[in-house]
Amino acid sequence: GQERKRKKNGPDKLTFEEIGGQESAKQELREAMDFLNRHDEISKFGIRPIKGILLTGPPGTGKTLMAKAAAHYTNSVFVAASGSEFVEMYVGVGAGRIRELFREARTRAAKEKKENAIIFIDEIDVIGGKREGGQQREYDQTLNQLLTEMDGIYSTDTPRILLIAATNRKEMLDSALTRPGRFDRHIQVDLPDKKGRLHILEIHAKNKPIQEDANLDKIAEESYGFSGAQLESVMNEAAIYAMRQEEKMIAQKHLSMAIDKVMMGEKTDRESTL
Ligand code: ATP
């Protein structure tokens with residue numbers, strides 16, 4: 001948990017340029033962020049500010065990167081948590097953590113003199129999933145606390161708070177979370193197409209010595225169905241192969257071997273969970 005938290009809270013300098021593919025998702029998110037950047041006009045028109053954006057899509061497609069880039073684009077403080085951190089072992093603990101998250105956003109914004117704060121909650125389905133058997137949501141303090149905090153966000157307050165949540169399972173979410181005024185903007189983050197895959201490979205090739213005749217286009221072709229996280233892994237594994245073979249640069253053969261390795265790795269992961 002700590003490790004993951006540190007990773008997610010890491011440097012907030014990430015920009016949309018460092019996210020490969022996802023052109024329409026990036027565009028939609030940027031447009032939503034302009035609501036924050038142009039809040040004066042928004043309020044003049046009497047437009048209801050956006051409080052919550054839901055990013056949906058398969059694991060490793062860059063949802064966390066998108067939230068960070070959104071924070072950078074709006075000069076916001078970025079506070080992140082994962083739904084699994086809020087699982088209530090004792091009644092009230094999860095709710096307390098939600099309160100803490102909002103408090104942290106407000107104090108950090110004040111300290112860093114920023115007008116906006118973005119709170120990112122990954123795996124929102126863990127706290128906001130539909131209950132089976134018609135169990136009453138009234139008793140779910142964690143979710144209720146989140147809804148209460150969201151209802152208590154006012155556009156006139158400083159900092160302006162915006163929530164971004166991510167899930168792989170949008171259909172699992174309780175309707176209390178997705179109704180207007182809550183997470184009412186949904187942006188789909190899909191697996192990258194070939195062009196997107198090439199873009200992602202190029203981004204992760206930047207800090208690596210790649211042989212000039214290496215053909216990333218071919219690698220993009222061969223990595224059909226790979227997520228951004230898997231493509232990052234391909235570049236990393238290729239570098240490891242090249243280093244092990246005492247070569248100075250990453251060659252096509254290293255990239256091909258890396259594709260196989262990442263593909264096999266996925267298979268064994270999946271088998272071991274069966
Ligand atoms: P999860 O749902 O599992 O939390 P996610 O969608 O939030 O996944 P990220 O954590 O944003 O995925 O991505 C994991 C890593 O994969 C990133 O740190 C990055 O190295 C790489 N990555 C994923 N998508 C992209 C992308 N579109 N462009 C560049 N790198 C990417």
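Modeller: In this predicted model, helix H2 brings Ala-25, Lys-26, Leu-29, Arg-30, Met-33, Asp-34 and Asn-37 into contact with Met-66, Ala-70 and Tyr-73 of helix H4. H2 covers residues 23-37 and H4 residues 63-73, and the two pack at an angle of about 35° with their axes 10 Å apart. The crossing of H2 over H4 is right-handed.

Helix H7 (residues 141-151) and H5 have axes that come within 7 Å and cross at roughly 30°. Angles under 35 degrees count as roughly parallel, and H5 and H7 are therefore roughly parallel to each other. This crossing, too, is right-handed, with H5 passing H7. On the H5 side the contact is made by Gly-94, Ala-95, Ile-98, Arg-99, Phe-102 and Arg-106; on the H7 side it is made by Gln-141, Thr-142, Gln-145, Leu-146 and Glu-149.

Strand S3 itself spans residues 116-122, and seven of its seven residues are buried, so the strand is largely enclosed by the rest of the structure. In a regular strand the side chains alternate between the two faces of the sheet. Here both faces are covered. Asn-116, Ile-118, Phe-120 and Asp-122 are buried on one side, and Ala-117, Ile-119 and Ile-121 are buried on the other.

S3 has pairing partners in S2 and S4. Strand S2 (residues 76-82) pairs with S3 in the parallel sense over seven bridges, and in that pairing Ala-81 of S2 has Ile-121 as its bridge partner in S3. Strand S4 (residues 160-167) also runs parallel to S3, to which it is joined by six bridges. In this second pairing, Ala-117 has Ile-161 of S4 as its bridge partner.

Another one of them joins Lys-194 to Asp-217, with the closest N and O atoms 2.9 Å apart. Lys-194 is in helix H9 (residues 194-205) and Asp-217 in helix H10 (residues 216-222), and the pair links these distant parts of the chain across 23 residues. Shared partners extend the contact into one network of Lys-194, Asp-217 and Glu-221. Lys-194 is partly exposed, with a relative accessible area of 29%, and Asp-217 is partly exposed as well, at 35%.

A further salt bridge is formed between the side chains of Glu-41 and Arg-38, at 2.7 Å from N to O. Glu-41 is partly exposed at 34% relative accessible area, and Arg-38 is partly exposed at 45%.

Key: Residues numbered from 1 in each chain as written. Predicted model: local features only at pLDDT ≥ 70, side-chain atom pairs only at ≥ 80, totals over all residues. Heavy atoms only, no water. Buried < 20%, exposed > 50% of the residue type's maximum accessible area, 1.4 Å probe, protein only. Helix = DSSP H or I, 4+ residues; strand = E, 2+ residues; numbered from the N terminus. Pairing = 2+ DSSP bridges. Salt bridge = Lys/Arg side-chain N within 4 Å of Asp/Glu carboxyl O. Axes fitted to C-alpha atoms, helices over the stretch in contact; angles between N-to-C directions. Parallel < 35°, antiparallel > 145°, perpendicular 65-115°, else oblique. Left-handed = near helix turned anticlockwise from the far one by under 90°. Contact = heavy atoms within 4.5 Å.
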